[in-house]
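Me: I would like to learn how to read salt bridges and helix packing in a model. Could we go through some cases one at a time?

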Amino acid sequence: FTNAAVDEGRSRAAKRFGLDEKAFPWFKTLHSAGKAIQRDYREPASDADMSEFCKAAGYRGTGERDEASQAAVLRRTMEFAKARCITFRDAAWLLQTARQEINFREVERFATRWREFLDAKQKIDYSDMLAGALGKPAPSLDLLAVDEAQDLSPLQQHLVVGMLANAKVGYVVGDDDQAIHRWAGADARWIQGLAREHGYRV
């Protein structure tokens, strides 16, 4: 899930097999793999970019995820919808509470303005690193190994399925007892679904 973990894993693999680290060009996070598949070399958007956007667009708050501000609610709803591959309307309905109503049209406007802001800055949203790769040819790999699969969102799952189709051998590993991202739609049962829906041996 992090570039630091990827760097450590790549280093260990190179040492274990006596190879140069350059022998593992696809040892990446899923987000980095998504960017590489779509050949998008824009810099990822940061929390500072979100804060700048919220201020420029006149939203209350900085968009920090733990805020209770208007900007934070809109950002969380937008990211929730993208991760789960659902509409903004459905995301707003699922996330609203008795104390907080979420207008899905406001979420749509927020998402459109955010995308325009990023386009102007030549940056890419983390969700778009994944979504933009869907449907594009995945790399031909001798081996695809995906760890921590119990915590993959539906959007990440779609990318993995696309990459499995072009891999000679694939391993998808996850432990439901270690799942911590259920809020984003992660569900370890999707691993069993690989056999049912795609014919893979589980």
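Me: Which residue does the side chain of Asp7 meet in a salt bridge?

Reply: This is a predicted model, and the test for a salt bridge is a side-chain nitrogen of Lys or Arg within 4 Å of a carboxyl oxygen of Asp or Glu. Asp7 pairs with Arg10, at 3.2 Å from N to O. Both residues belong to helix H1 (residues 3–17), where they sit three residues apart, about one turn of the helix.

Me: Is Arg10 buried or exposed?

Reply: The cut-off for buried is under 20% relative accessible area. Arg10 has 17%, so Arg10 counts as buried. Asp7, at 44%, is partly exposed.

Me: Where do Glu106 and Arg109 lie, and how many residues apart are they?

Reply: They lie in helix H6 (residues 104–121), and because they are three residues apart, about one helical turn separates them.

Me: Which residue forms a salt bridge with Glu43?

Reply: Lys123 does, with 3.7 Å between the closest N and O atoms. This pair links distant parts of the chain, 80 residues apart: Glu43 is in strand S1 (residues 43–44) and Lys123 in strand S2 (residues 123–124). Lys123 is buried, its relative accessible area being 13%.

Me: Which residues are linked with Glu43 in a network of salt bridges?

Reply: The network joins Glu43 with Asp49, Glu52, Lys121 and Lys123. For the model, the count comes to 15 salt bridges.

Me: Now to helices. What describes two packed helices?

Reply: The angle between their axes and the distance between the axes. Here, helix H8 (residues 154–164) packs with helix H9 (residues 189–198) at about 45°, and the axes are 12 Å apart. That angle makes H8 oblique to H9. Their crossing is right-handed.

Me: Which residues in H8 meet which residues in H9?

Reply: H8 brings Gln157, Val160, Val161 and Leu164 to the contact, and H9 brings Trp190, Leu194 and His198. Sorted by class, five residues of this contact are nonpolar, two are polar and none is charged.

Definitions and conventions. Residues are numbered from 1 along each chain as its sequence is written. This is a predicted model: local features need pLDDT of at least 70, side-chain atom pairs count only at pLDDT 80 or more; totals for chains, interfaces and linings use all residues. Side-chain values use heavy atoms; hydrogens and water are left out. Axes are lines fitted to C-alpha atoms, for helices over the stretch in contact, and angles run from 0 to 180 degrees between N-to-C directions. Helices (H or I, at least four residues) and strands (E, at least two) are DSSP runs, numbered from the N terminus. Angles under 35 degrees count as roughly parallel, over 145 as roughly antiparallel, 65 to 115 as roughly perpendicular and the rest as oblique. A crossing is left-handed if the near helix is turned anticlockwise from the far one by less than a right angle, and right-handed if clockwise. Contact means heavy atoms within 4.5 Å. Ala, Val, Leu, Ile, Met, Phe, Trp, Tyr, Cys and Pro count as nonpolar, Asp, Glu, Lys and Arg as charged, and the others, Gly among them, as polar. Buried means under 20% relative accessible area, exposed over 50%, partly exposed in between (1.4 Å probe, protein chains only).
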